[in-house]
Amino acid sequence: MISRRNFLKTTGAVAAMAMPFADAVAAAAKAGKRPNIIWLFSDDHAQNAVSAYGGRLAEVAPTPNIDRIAKAGAIFKNSFVTNSICGPCRAVILTGLHSHLNGFRANGDKFDGSQQTFPKLLQGAGYTTAVYGKWHLATEPTGFDNWEVLPGQGHYYNPDFRTAEGIDQETGYVSDLITDKALDWLGNKRDADKPFMLMLQHKAPHREWAPGPDHLSTFEDVEIPEPDNLFDDYTGRGSAANKQDMTIDKTMTTVRDLKIWPVDDSDARDKKEWERLQGRFNDEQRAAWNKAYGPKNEALKKAKLEGKNLVRWKYQRYMKDYLRCVRSVDDNIGRVLDYVDKNGLAENTVVFYSSDQSFYLGEHGWFDKRFMYEESFRTPLVAKWPGVIEAGTEINTMVQNLDCAQTFLEIAGVAQPENMQGQSMVPLMQDEETAPKRASLYYHYYEGEGRAHNVHKHYGVRTDRYKLIYFYTLDEWEFYDLQEDPHEMQSQYDNTGYVKEVEALKAELKRLRKHYKVPEDVA
Ligand code: SGN
Ligand code: CA
């Protein structure tokens, strides 16, 4: 197997030739060559907005630097989350435990930083660790030698950063500043005698999709392709798809989301939004912003659009702003990759790129996430590891963010605790054919009705072909044949042609809930 042989070669663990991979990693560790890990991460970056995944945006809005990672290593074509919302995803990655066991089920919960996490285990095994950027777990980071994080959601312009000493505001655009800090740590602050694990976590492209000064007019003359189901009417599914509050048509706000003004000063909501969007700009930033958006807004006013044409216009503005934010993330990933290449780190550093979860880019008429439907259940995941992952590898086996902690531990040659619930992705990176495969995934969204975007609580199971979802507070089931209906437009739960498949998935769901120790009465 090429990758394993190359790993042994690059780590110099020649004597370990006949050993299993984990032993070889341990031997390499003794030789002082344990791989470094860089976890490049973002917030709400849709798989459909990463050009390496193909899709309708790949040509108009490429992500050349994220694609560089995929080309040099692997793309996980079927990468999913356990609970599609920010804080919970981050807690799952740190702990390797589903939400009901790590205790962080919904945004607004507080992460118990005293529990076992992979950064702590790496630290204990001699790694130096750091996190920069969005954290969003309410309590202070633990398990990191150095950290500087955004309080809460953070700001796009001139953001605050929180350290153990307090909070400081900085001047600049958030994606650039987070990268500056991480590069400064790599170059000047880390303990260079130790292998390192760095988490560089962007705020972008989270709502309100505020582009940086470099990209205020990027995509100006481009028509962004629409999804086929932009005008979904939600027939064919249960009531949850209808009850949500996350449509481009009705939920998006004028000033903050769509960046339309001048505002009517007598309108309190508009005024408040204006403050929230522009309140942190300095004069120079405000002038550049107004120069970019002013003429476009004038043109919109004159056009007097209504109905579907207005939704189409909103879609274009939303997508352009979102993709502009993505472009800054991608530029900054390029800076990190260049740094790694130029400073002799490339050979012995595993670089990942992922997002906390994916996002709707107009599919079903939506923005935001939360549902177990494909667009928000998935998340981008690419990784490069010279000598282990062959360049241009495509991995089709389903993986989940639950697997990250154990993957990082195996890379570092650290034992994987019995209680973690994922499965290391290292065997898939080496050779998908011989690696153990997962047959199904468990998903559970807890935040629920009455909270932001009003998506009802649900849990479910997905196999390579089918998906069963139970909206338990509505007592409604949905079932999809993803091969026949990849966009999940028609539930087949009541179709007698699928009785056997529905029964099989119900049994699998029951098995998974037991396997993952989900309490029957969990709310
Ligand atoms: C805020 C956003 C929501 C978003 C949540 C969670 N509203 O509440 O649109 O779903 O964050 O996002 S906003 O008016 O504040 O933009 S998450 O990524 O942190 O989970
Ligand atoms: Ca998010």
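A polar side-chain atom of R370 comes within 2.7 Å of an oxygen atom of ligand 1, a polar contact being a pair of N or O atoms within 3.5 Å.

| Residue | Part of the residue | Distance to an oxygen atom of ligand 1 |
|---|---|---|
| R370 | polar side-chain atom | 2.7 Å |
| R207 | N or O atom in the side chain | 3.0 Å |
| C86 | polar backbone atom | 3.0 Å |

Of the 460 Å² of accessible area that ligand 1 has on its own, the protein covers 84% (Shrake-Rupley method, 1.4 Å probe). Around ligand 1 there are 16 residues, with Q153, R256, D368, R370 and H453 the closest; a residue counts if one of its heavy atoms lies within 4 Å.

This is a predicted model, where local features need pLDDT of at least 70, side-chain atom pairs count only at pLDDT 80 or more, and totals for chains, interfaces and linings use all residues. Residues are numbered from 1 along each chain as its sequence is written, chains are lettered from A and ligands numbered from 1 in the order written, and side-chain values use heavy atoms, leaving out hydrogens and water.

Now for the metal. D43, D44, D356 and Q357 coordinate the calcium ion (ligand 2) at 2.2 to 2.9 Å; donors are N, O and S atoms within 2.8 Å of a metal, or 3.2 Å for Na, K and Ca. Along the chain the donors are spaced D-D-x311-D-Q. D43 is buried at 0% relative accessible area, and D44 is buried at 1% (buried means under 20%, with a 1.4 Å probe and protein chains only).

Conventions:
Buried means under 20% relative accessible area, exposed over 50%, partly exposed in between (1.4 Å probe, protein chains only). A polar contact is a pair of N or O atoms within 3.5 Å; within protein, one must be able to donate a hydrogen and the other to accept it, and residues adjacent in sequence count only if both atoms are side-chain atoms.
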